[in-house]
Every structure is written in structure tokens, then in C-alpha cells.
Amino acid sequence: AEAEKIIIQLDKTLPPAECLKIHKLPNCIGQRVKVFGWAHHVRRQSKTLLFIVLRDGSGYLQCILAEDLARTKDAILLTTESSVCVYGKVQQVPAGKSAPGGIELVCDYWEVIGFAPAGGVESVLTAESEVDLQLDNRHLVIRGQNTSNVLRIVSIISDAFRSHYKDRAYTEIFPPTLVQTQVEGGGDLFSFAYYQETAYLSQSSQLYLETCIPALGDCYCITRSYRAEKSRTRRHLSEYNHVEAECPFIDFDGLLDRIEDLVVDVTERIYENAKELLKEINPDFKPIKRPFKRIKYEDAIKLVNELGLRKAKDGKPFEFGDDIPEAPERRMIEHIGEPTFLTHFPKELKAFYMYPTPQDPRVTDSVDLLIPGVGEIVGGSMRMTDIKPLLDGYKREEIDSKPYYWYTQQREYGTCPHGGYGLGFERFCTWILGKDHIRDVCLYPRFYGRCRP
Ligand code: 4AD
């Protein structure tokens with residue numbers, strides 16, 4: 001009741017307050033400013049002294065509300081995550097005290113814009129809450145400092161990819177994701193009713209990229225890909241960002257060089273542009289060195305056997321032609337201990353479009369890049385140049401070639417040796433940020449059993 005009687009008013013005789021974002025304020029010592037944001041922390045020191053740490057997405061600001069400003073009804077009821085507007089003078093924090101950016105705002109007026117429920121986000125969940133509850137409340141979790149830092153650095157990582165491609169003179173394209181063709185096999189395609197026809201969600205933009213090289217030369221895209229993955233693992237999503245590029249007139253070694261250049265250059269750019277954030281999120285991260293180790297699939301089979309790994313289905317050693325599943329692949333890359341190109345997979349294990357290796361037609365000019373801790377982050381290959389083996393590829397994979405007429409025609413209209421790759425953006429981020437699970441780097445992850453919020 002006492003608080004209801006306390007009315008505070010904006011003092012019009014004070015110097016005008018410029019409306020600024022928090023990150024600008026360290027350069028505004030002594031200036032009167034107005035700042036909008038959310039109450040990240042609220043701490044009541046005494047009846048007449050209230051501290052709010054304000055968050056506006058650009059930074060955090062300690063605000064001091066004294067005397068009547070701390071005694072109003074709003075001040076008494078203020079909860080974390082309420083949105084507020086504060087007016088006051090920016091000053092350096094007194095010697096011996098600390099606050100974000102080394103500054104604080106001595107308020108002369110403030111207003112609540114929208115209250116949050118009592119107890120704030122902590123009443124819904126804490127860091128210890130079980131994973132599904134955390135994911136159901138991801139819209140609140142992202143307001144936390146750690147998670148918002150992850151989202152911020154993920155944005156810097158995507159900038160790093162785009163600047164790499166810009167610097168190397170690639171053109172970005174924007175392919176459709178509602179498609180009628182598969183790229184990586186029918187097993188994990190999502191299908192849906194597209195008006196009167198059946199269509200799929202794209203697994204990869206590779207085929208479209210291939211049509212763009214005669215128009216644009218080296219090109220790339222960062223587009224969503226979809227995989228109906230039936231198992232929940234630490235590195236599989238149903239929807240992910242796919243960084244893909246396609247390059248005309250290169251050979252297989254040239255392709256490996258390009259992938260190596262991408263991964264090394266992008267990690268260096270991130271290291272340069274996000275030093276502070278990276279230090280907070282993954283202090284152990286160091287840019288990597290070239291050249292990457294290169295191992296042929298055939299030798300990898302020998303290596304997994306030497307490591308004592310056996311096939312899950314019959315306990316027998318791996319043989320040429322066997323797929324190396326995720327678990328033994330991870331064990332192998334942990335053993336190798338550095339980024340490694342695995343090359344020359346048998347054609348039966350790979351997609352219809354892959355170019356057979358001239359010196360060994362059992363295998364293809366194909367590559368996976370494996371990284372300790374995450375496993376495969378890139379898959380790429382040289383593509384079929386001539387029409388006949390491409391048609392044979394459709395047949396081998398039992399694919400109806402009709403909907404692929406536009407892809408097949410590339411071989412009739414001035415074919416060329418070419419290759420490209422796809423990099424799983426979230427797997428890459430998981431690695432850079434040293435996260436255990438791929439869902440930790442997604443805004444709203446999609447995987448088997450989860451399609452919300
Ligand atoms: O090896 P993949 O299937 O290759 C392709 O799609 C090629 N058409 C790409 C190309 O040459 N343009 O997928 C490429 C990468 C994988 O190495 C992995 O990093 C990522 O995409 N990826 C996934 N990431 C998260 N969740 C999934 N379910 C993924 N499936 C593939």
C-alpha cells in the first residue's frame with residue numbers, strides 16, 4: 001500500500017536522453033541515455049536500493065535504482081525477464097567494483113513495459129532440468145547467457161563461411177528445397193503432398209549447384225537439407241543447414257585442396273572474429289593446420305580391423321565393400337587424432353552421380369572429412385562427366401531417370417569434369433564450440449520425435 005503512493009516522474013529539466021544500445025555505452029561516460037531491454041538479474045540490496053542487470057541483445061548493463069525509484073510498486077514486483085526502459089547517466093564502476101563493460105547506469109527514471117511471471121524463467125526450468133523439458137522451453141532457454149552466446153557465435157560462423165566464399169570469388173545461389181528428385185538415396189527422404197503431386201524435402205542442393213556451374217562458375221549455397229533419420233544420435237538432425245559448393249574444371253586432388261582450404265580458412269576467420277566468445281564457450285579451441293591426413297577407404301578397413309573393431313551384425317572383421325558405421329568410424333578417428341580425409345569409397349556404397357576412379361574402377365573419387373570428437377563433417381566427390389555411366393548409375397540405384405532430365409542434360413550441353421562437397425553446418429559448429437550434442441548449437445532442433453517449438 002505504501003508503494004502504491006510512490007509515483008516517480010520523468011524530469012523534463014534534465015538533459016535529453018539519447019536512446020542507445022548497451023554496446024555503445026562504454027563510449028558514453030557522463031552522458032544521459034535511455035535504454036530498452038529485459039531484466040536479466042534483479043537484486044534488491046535494501047528498501048531503497050535495487051540493482052537490475054539489463055540485457056538488450058547487444059550487451060549487459062548494471063542499472064542502479066535508488067530511493068523512490070526502488071520503492072514503487074513496479075520496483076517491488078519486478079521479476080527477471082520483464083521488459084523495461086531505463087533513463088540515467090552512464091558512469092564508470094567505482095574502483096574495486098565490477099560490472100559488465102566496466103560501466104553502470106545511475107537511473108533517474110524507469111518504466112516496466114511488460115512484466116514476466118513471478119519467479120522468472122527459473123520457476124519453469126533450471127540448468128538441471130531434463131533435456132526434453134529444456135527443449136520444450138527452448139524459447140526461454142535462449143535468453144540465458146550461455147545459449148545466447150552460442151547463437152551469436154553461430155551467426156559469426158555463418159559469416160565466416162560467406163566471407164570465405166566471397167574472398168574466393170564463388171557466387172551464392174538460392175536453390176529450392178521442395179523437390180522431386182533424391183540425391184542421397186530414398187531411405188531418408190521426407191515426402192509430402194505438393195498440391196496434386198508427391199514431392200520431397202531436399203536432402204542436398206548438389207544437383208542444382210551442378211546446373212549452375214556453366215552459368216556462374218564456382219558457386220555455393222547455405223540451404224536447409226532434410227533427412228528422415230530414424231535414430232536419435234548426437235550428430236543427426238532431421239533438418240540442418242547444408243554448406244555446399246560445386247566447382248567446374250577441377251580434379252580430385254583439387255577438390256580435396258578446396259575442402260581443406262575451406263575448413264582451415266573458416267576456422268581461422270572464426271578465431272579472428274570471435275576470440276572473446278570462443279574463449280568463453282570453448283577455451284581449448286585452436287585453429288587447425290594443413291595438410292590434412294589422407295587415408296583410402298581400403299586402408300581404413302584395415303585400420304578398423306587392426307583396432308579390434310568388428311561388424312555389429314555378425315562379429316566378423318570388416319571387408320572391402322562394407323560400410324564403416326558411425327561407431328567404428330568414430331573410434332578410428334579418435335585413434336588417428338586429427339582431421340582426416342577418407343577417400344575412394346566403393347561405388348556400391350555411394351550415390352549414383354559419383355565419378356569412378358580411373359586407376360581403380362571398384363571405387364569412386366569420393367571423400368569424407370572426419371574430425372575427432374564429431375566424426376564426418378564433409379562429404380564430397382567428383383561427379384559423373386559422361387551421360388552413359390550416369391544412366392547406368394540411375395539403373396544401379398533403381399532410380400527413375402525421368403524427373404532427372406534437367407540433371408542428365410548437363411552432360412549433353414557442354415559437359416566438364418567437376419566436383420563438390422557438402423558440409424554439415426551444425427556438425428561443424430558442434431566441433432568448433434566443443435559441444436557434446438548437435439542440438440546444443442541449433443535454435444530449435446529437429447530430430448526423431450521432436451518437431452516443436
Ligand atoms: O555426405 P552427405 O550425405 O553428402 C551429400 O549430401 C552430398 N550431396 C553433398 C554434396 O556433395 N554437395 O552429407 C553431407 C554432410 C555430411 O558430411 C554431414 O556433415 C551433413 O551433411 N549431414 C548431416 N548433418 C546433420 N544431420 C544429418 N542428419 C546429416 N546428414 C548429413
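These entries record what I looked up about the ligand site and the nonpolar cores.

**Basis.** I worked from a predicted model, in which local features need pLDDT of at least 70 and side-chain atom pairs count only at pLDDT 80 or more, while totals for chains, interfaces and linings use all residues. Residues are numbered from 1 along each chain as its sequence is written, and side-chain values use heavy atoms, with hydrogens and water left out.

**Ligand shell.** I found 23 residues around the ligand, the closest being E184, Q206, L237, E244 and E376; a residue is near if one of its heavy atoms lies within 4 Å. I sorted this shell by class into seven nonpolar, eight polar and eight charged residues, with Gly counted as polar. Strand 12 (239–248), strand 18 (375–382) and strand 19 (418–424) each give at least two shell residues; strands are DSSP runs (E, at least two residues) and helices likewise (H or I, at least four).

**Polar contacts.** I looked for pairs of N or O atoms within 3.5 Å. The side chain of E376 has an N or O atom 2.5 Å from a ligand oxygen. Ligand nitrogen atoms lie 2.7 Å from a polar side-chain atom of E244 and 3.0 Å from one of S204. The protein covers 94% of the 630 Å² of accessible area that the ligand has on its own (Shrake-Rupley method, 1.4 Å probe).

**Cores.** I noted 48 residues in the largest nonpolar core, where F161, F428 and W431 have the most contacts; its members are buried (under 20% relative accessible area) and joined through side-chain atoms within 4.5 Å. Helix 7 (residues 252–273) supplies the largest share, nine residues.

Key:
A polar contact is a pair of N or O atoms within 3.5 Å; within protein, one must be able to donate a hydrogen and the other to accept it, and residues adjacent in sequence count only if both atoms are side-chain atoms. Buried means under 20% relative accessible area, exposed over 50%, partly exposed in between (1.4 Å probe, protein chains only).
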